[in-house]
Amino acid sequence: MNIGANIRRIRMEKKMTQKELGKKIGSMSQQQIARWENGDKNITLDNLRKISAALGVYISDLVDDWNQFSKEDIAEDWEIKNTSGISHKEAIELGGYPINDLEKSLINVYRSLNRTGQERALDQIALLTKIPEYQREDE
C-alpha cells in the first residue's frame, strides 16, 4: 500500500471527509488531499507530518517505504524537526524517521538478543497487541 492509500484508509476509518482533513491540516483544499490520496502529487515530509497529526496516527502508519524520500529530504526534515535526541545517522540506521525514548530503549534491548531471542520478542509483542488493556486508543 502506498502513502495515498494509507491516508485514504485511515481517513475513512475515522469517518473524515477529504474536506475535513484539509481543514484540520490548515486550509488545505479537498482537491489537494484527493491528489495525494490518488498518488497524482508527491507529498512532502512536512505535509505528511501534518496529515499524521490531523489523523492522530504516527507518520510511520502512513509510510510503508521510506526509500521514496531522498536522503537529502530526510536529512533536511530531520534537522528542522528532530526532537528525539539521536543523530541523523542513527535515524537512518533505524529506518529514517524520529523515534521516541521508549522506542529507542526497545531497539537497544532487542539488539542485545540473539536471532532466536529477537524472534521470541516479536512474538511476545504481537501477543501484547491483542490485549485491549495495552492497545493504543485513537484520539
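**Entry 1: the end of H4.** I began where helix H4 ends and found that Gly56 follows it, with a positive phi near 70 degrees. I note here that the model I am reading is predicted.

**Entry 2: burial in H4.** I then looked up which residues of H4 are buried, and the list holds Leu45, Asn47, Leu48, Ile51, Ser52, Ala54 and Leu55.

Entry 3: In soluble globular proteins, nonpolar side chains tend to be buried together.

**Entry 4: around Leu62.** Leaving aside residues up to four places away in sequence, I found that Leu62 touches Asn2, Ile3, Asn6, Ile7 and Ile10, and also Leu48, Ile51, Ser52, Leu55 and Val57.

**Entry 5: H7 against H8.** How far apart are the axes of H7 and H8, and at what angle do these helices pack? For H7 (residues 101-111) and H8 (residues 115-128) I noted axes 9 Å apart and an angle of about 140 degrees, which means that the two helices are oblique to each other. On the H7 side the contact is made by Leu106, Tyr110 and Arg111, which meet Gln118, Ala121, Leu122 and Ile125 of H8. Sorted by class, this contact of H7 with H8 has 5 nonpolar residues, 1 polar and 1 charged.

Key
Residues numbered from 1 in each chain as written. Predicted model: local features only at pLDDT ≥ 70, side-chain atom pairs only at ≥ 80, totals over all residues. Heavy atoms only, no water. Axes fitted to C-alpha atoms, helices over the stretch in contact; angles between N-to-C directions. Helix = DSSP H or I, 4+ residues; strand = E, 2+ residues; numbered from the N terminus. Parallel < 35°, antiparallel > 145°, perpendicular 65-115°, else oblique. Contact = heavy atoms within 4.5 Å. Nonpolar A, V, L, I, M, F, W, Y, C, P; charged D, E, K, R; others polar. Buried < 20%, exposed > 50% of the residue type's maximum accessible area, 1.4 Å probe, protein only.
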